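Subject: Structure handover

Hello,

I am passing on the structure we talked about. Please have it open while you read the notes under it.

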Amino acid sequence: MTGASSGIGLATARRLAREPGTELILVARREERLRELAESLPCPAGWVAVDLTAEDAPARVRAAVQERGDRLHLLVNNAGAAWRGSFAETGYANLRRHMEINFDAVARLTEALLPTLRRSAPSAIVNVASTAGRVSRARSGAYSASKFALIGWSDALHLEEAPHGVHVGVVLPGFVPTEGFPATELREKALTRMMLSSPERVAEAICQAGPGGRAERYVPRAYALAGLSRMLLPGVVRRVLGSGAAGSLTTSTAAEAADSDDGR
Ligand SMILES: NC(=O)c1ccc[n+]([C@@H]2O[C@H](COP(=O)([O-])OP(=O)(O)OC[C@H]3O[C@@H](n4cnc5c(N)ncnc54)[C@H](OP(=O)(O)O)[C@@H]3O)[C@@H](O)[C@H]2O)c1
């Protein structure tokens, strides 16, 4: 379970821990949080404190799996991050850092663990993408690019791994207030609060997309309409996102909330 130190990953670890026979390996950078979580769970749990973009990260996670019996029934690729800003302001460097954690790190870890997942089949991989992997918004292009890539790659992996007994599911959350994605403006207004979901609901969707065998789950489910509208009514979607109507969707990451807090 990657990204287990906060938000969706933490809620998913707690949800998975309730299943009989579960044993978890928690992965993120903040070791103290992983230790506290592991000690609080009702199932055996270990942790690997690692930056998933580091060269040796996949090997370190694989070693932890090997130490615990070299079997793996579920890999949840959830760790991710976002830094908002237009391409003109943030450039290729911002695209690169999004791809490193939201796409490259997922592909590298999956490559390291795929032989174990095949040997442990039936097994599953869940990749936590985003509705932003279907619909791009201004100042979110780098994040969207990484999530579009993740979904495209996951769709192919789903087809490739099915004959080997490894199910690949994708979860596409909408707005879920968490540390990295505080959704500050959406939480302030009653009308936009309705658009928010919770880490616990995404955790449930991850279970449905993994052991439950679903190929794709939006959270909330109605967000599937956003993806559908982008395909069927691209002009309308562009007009809505380009108008003031989308104003409150523009400050949704921790970095940007911090910017607005100190008045920049
Ligand atoms: N919340 C939303 O509105 C929303 C919507 C759509 C999709 N998502 C996706 O959901 C996933 C989880 O996000 P969240 O909302 O739960 O955010 P979060 O609370 O900020 O959690 C992000 C997790 O990823 C870990 N992480 C980040 N960079 C890492 C790195 N380089 N190496 C290892 N671990 C790293 C963080 O742990 P450390 O800092 O301890 O390393 C943390 O556990 C992400 O993939 C995100 O794109 C979120």
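Predicted model: local features only at pLDDT ≥ 70, side-chain atom pairs only at ≥ 80, totals over all residues.

Strands β1 and β2

β1 runs parallel to strand β2 (residues 45-49), and 5 bridges join the two. One of the pairings is that of Ile25 with Gly46 in β2. Together with helix α2 (residues 31-40), these strands make a right-handed β-α-β unit.

Strands β3 and β4

Strand β3 (residues 74-77) is also covered on both faces. Leu74 and Val76 are buried on one side, Leu75 and Asn77 on the other. β3 is joined by 4 bridges to strand β4 (residues 123-128), and the two run parallel. A right-handed β-α-β unit is made here by β3, helix α4 (residues 87-119) and β4.

Leu74

Leu74 is a residue of strand β3. The cut-off for a buried residue is 20 or more other C-beta atoms within 10 Å of its own. Leu74 has 20 such atoms within 10 Å, and therefore counts as buried. Across the strand pair, Leu74 stands opposite Ala124 in β4. Apart from neighbours within four places in sequence, the contacts of Leu74 are Ser123, Ala124, Gly210 and Pro211. Thr116 is 42 residues away from Leu74 along the chain, and their C-alpha atoms are separated by 10 Å.

Helix α5

Helix α5 (residues 141-161) has 21 residues, which at 1.5 Å a residue should span 30 Å. Buried residues of α5 include Gly141, Tyr143, Lys147, Leu150, Ser154 and Glu161. The buried residues of this helix pack against α4, β4 and β5 (166-173).

Ligand site

The ligand is surrounded by 27 residues. Gly3, Gly7, Arg29, Gly80 and Gly180 are the closest. By type, the shell divides into 12 nonpolar, 11 polar and 4 charged residues. Helix α1 (residues 7-17) gives the largest share of the shell, with 3 residues.

Regards

Key: Residues numbered from 1 in each chain as written. Near = placed C-beta within 6 Å. Nonpolar A, V, L, I, M, F, W, Y, C, P; charged D, E, K, R; others polar. Buried ≥ 20, exposed ≤ 12 C-beta atoms within 10 Å, placed from the backbone. Pairing = 2+ DSSP bridges. Right-handed = clockwise from strand over helix to strand, strands pointing away. Expected span 1.5 Å × (residues − 1). Contact = placed C-beta atoms within 7 Å.
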